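This briefing walks through a few features that can be read from the coordinates shown below. Please keep the structure open while reading the points.

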Amino acid sequence: MINISSSGWASGLKEWLLQRISGLFILFYFLYVTFYFFSLGEINYTNFLNLFSGFYFKIFTILFSFSLAIHSSIGINIVLTDYIKNNFLRFILESFVNLLLLFYIFCIMQILWG
């Protein structure tokens with residue numbers, strides 16, 4: 001018999017679900033940007049400026065960056081858990097990656113709203 005136990009936030013089902021939802025959001029963002037530029041016919045600075053100047057697209061981009069950070073954080077966590085057996089070294093590497101992802105999100109917010 002298999003016992004299902006919840007070991008906090010980092011349970012496998014929650015990570016699996018978060019990764020699938022964030023992957024779908026990343027896909028929707030990519031498809032929207034792709035169809036936007038295909039509908040215009042050409043890619044230039046003015047089209048980029050028009051796309052990223054809208055309030056809702058800025059929110060959409062910030063949500064995309066959070067989704068990308070969550071998606072990659074879970075993936076890196078899984079890879080590090082599989083290949084690095086030293087708990088302290090794995091903790092240091094996971095912390096470094098997560099801090100780097102937070103820094104990237106901060107930079108994206110500065111670029112969009114700065």
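This is a predicted model: local features need pLDDT of at least 70, side-chain atom pairs count only at pLDDT 80 or more; totals for chains, interfaces and linings use all residues.

**Accessibility, packing and surface**

Phe55 counts as partly exposed, because its relative accessibility of 49% lies in the range between buried, under 20%, and exposed, over 50%.

Helix H3 and its partner
- Phe55 is found in helix H3, which spans residues 55-83, and the axis of this helix comes within 10 Å of the axis of helix H4, residues 87-113, the two crossing at roughly 170°.
- H3 is therefore roughly antiparallel to H4, since crossing angles over 145 degrees are counted in that way.
- Sorted by class, the residues in the contact of H3 with H4 comprise 15 nonpolar, seven polar and three charged ones.
- Between Phe55 and Trp113, which stand 58 residues apart along the chain, the C-alpha atoms are separated by 9.7 Å.

Helix H1
- Val33 has its place in helix H1 and counts as buried, because its relative accessibility is 19% and the limit for that class is under 20%.

Nonpolar surface patch
- Phe30 is one of the residues that make a nonpolar surface patch of about 780 Å², the others being Leu24, Leu27, Phe28, Leu31, Phe35 and Phe38.

Key. Residues are numbered from 1 along each chain as its sequence is written. Side-chain values use heavy atoms; hydrogens and water are left out. Patches are made of residues with over 30% relative accessible area and no salt bridge: like charges are joined within 9 Å, nonpolar side chains (Val, Leu, Ile, Met, Phe, Trp, Tyr) within 5 Å. Accessible areas come from the Shrake-Rupley method with a 1.4 Å probe; for residues, only the protein chains shown count as cover. A salt bridge is a side-chain nitrogen of Lys or Arg within 4 Å of a carboxyl oxygen of Asp or Glu. Axes are lines fitted to C-alpha atoms, for helices over the stretch in contact, and angles run from 0 to 180 degrees between N-to-C directions. Helices (H or I, at least four residues) and strands (E, at least two) are DSSP runs, numbered from the N terminus. Angles under 35 degrees count as roughly parallel, over 145 as roughly antiparallel, 65 to 115 as roughly perpendicular and the rest as oblique. Ala, Val, Leu, Ile, Met, Phe, Trp, Tyr, Cys and Pro count as nonpolar, Asp, Glu, Lys and Arg as charged, and the others, Gly among them, as polar. Buried means under 20% relative accessible area, exposed over 50%, partly exposed in between (1.4 Å probe, protein chains only).
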